[in-house]
Amino acid sequence: MSTILVIFFWLCAGLILYTYAVYPLLVMVLSEFLGKDRTAREVDSTNWPNVSLLIAAYNEQAVIERRIANALAMDYPKEKLEIAIASDGSNDETANIVKRYAGQGVRLIEFAERRGKSAVLNRAIPQLRGEIVVLSDANSEFEPSALKKLVRWFDDPAVGIVSGRLVLTDARNSRNADSLYWNYETFLKKSESRLGGLLGANGAIYAIRRSCFTPIPDDTVVDDFLIPLLMRLHHGFLVHYDFQAIAYEQAPNQVRDEFRRRMRIGTGNLQNLSLLWPLLDPRQGFVAISFFSHKVLRWLCPFLLIGILIGSACLFNHPFFRVVTILQGAFYCMAMIVAILPRSAGVPKLFRLPTMFVSMNLALLVGYSRWLLQNHHGTWEPTARRTEQSEPAHSTVIAEGKP
């Protein structure tokens, strides 16, 4: 029994070490020696394709006018840009605000009953006229050049999805440990993209070929992960990452908002795995490696952490495992203490990492329980928006990307 527990402990610990440390090093080396830098074409000023910018919105009256103004300011030929707002049964002033911009070419696709974002995308995308569809959120803002940066890659027939870079900002200039984590994630995305194994996209800014859009289940929770990978699975398209195509979004103001978002991701992970498991087939090439190493193992991390704790606790009489158990207890206590301290306490960013790591995995675990209990649906509640927002350029950049 003792031998089995030791093997179990080291298996759980080894898998966590692999997904967070060994795999990134592996990707870095492979990217350096085997990676391919794709070059975007120079698009003739008269030859830009028709593009539809689609924003799904539910009760976004606080930010939708600012989002429309940002869309209208894009550096893209006006006659080739369609701006569409899909209102998912909004019962506030969202639809009325959008209607005021009809004369400037902003199109309202209104659904009287709330269906959920995935259902809205399934029904709205086929109605659009652009050959390229750019998907975004109501609380995001693009750099003026973002559309051109995204669209230029579609001259390559192998590319079907292009993800831009999401930069999270905080107008109040408060710091967040997530910046360390997201710099790490951005590095992984760049490396995986060079190896043709990028997974998913940033929901705030990504583009797809409309003709190859694969409808997703209406109750899908994490659409920006499922849409690109289904297109990859069914059509063989590459997902490309362009870090020069930038969108800004203000970070959640409350810890509970971030926890809720990660909980939804946890629910969506298991939901998507039931559809995307064929990507684990070795014939998928590096995609199979990245899907298992960067996604599946991360999704299993809450259970692996529990396994480490149980394994070391059961071997507590052994001096090494006694120390390991105590260190785990100290790690979780530190995470809990930092979590309850106010941001004004000035806790160094490095010391906030345990809290972020533990809360992320706890949220995933709660999300999994919701999935197992079938307590999930495709509708969403937007994070409370700030009606007074600073210009992104004057906000403090605290993080990049989305999980």
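Predicted model: local features only at pLDDT ≥ 70, side-chain atom pairs only at ≥ 80, totals over all residues.
Q: How many helices and strands in the chain?
A: The chain has 11 helices and 9 strands, taken as DSSP runs numbered from the N terminus (helices H or I, at least four residues; strands E, at least two).

Q: How much of the chain is buried?
A: Of its 403 residues, 54% count as buried, where buried means under 20% relative accessible area with a 1.4 Å probe, protein chains only.

Q: Which spaces lie inside? How many cavities of 30 Å³ or more?
A: There are 4 of them. A cavity is a set of points on a 1 Å grid over the protein atoms alone where a 1.4 Å probe fits but cannot get out; a pocket is an open set with protein on both sides within 12 Å along at least five of seven lines; lining residues have an atom within 4 Å of a point. The largest cavity holds about 50 Å³, a volume being the space filled by probe spheres set on the points, which are joined across faces, edges and corners.

Q: What lines the largest cavity?
A: The lining includes L54, K117, D137 and D223. By class it has 6 nonpolar, 2 polar and 3 charged residues; Ala, Val, Leu, Ile, Met, Phe, Trp, Tyr, Cys and Pro count as nonpolar, Asp, Glu, Lys and Arg as charged, and the others, Gly among them, as polar.

Q: And the second largest pocket, how many residues line that?
A: 17 residues, with L305, F331, L353, P354 and F357 nearest its centre. Its space is about 450 Å³, and the lining has 16 nonpolar, 1 polar and no charged residues.

Q: Which helix gives the most to that lining?
A: α10, with 5 residues.

Q: Switching topic: why is β8 largely enclosed?
A: 11 of the 13 residues of β8 (residues 238-250) are buried, so the rest of the structure largely encloses that strand. Strand β5 (residues 140-142) runs antiparallel to β8, joined by 3 bridges.

Q: Last one: where is T214, and what does T214 touch?
A: T214 is in the loop between β7 (206-209) and α7 (223-235). Beyond its neighbours within four places in sequence, T214 is in contact with L230, M231, H234 and H235, contact meaning heavy atoms within 4.5 Å.

Methods
Residues numbered from 1 in each chain as written. Heavy atoms only, no water. Buried < 20%, exposed > 50% of the residue type's maximum accessible area, 1.4 Å probe, protein only. Pairing = 2+ DSSP bridges.
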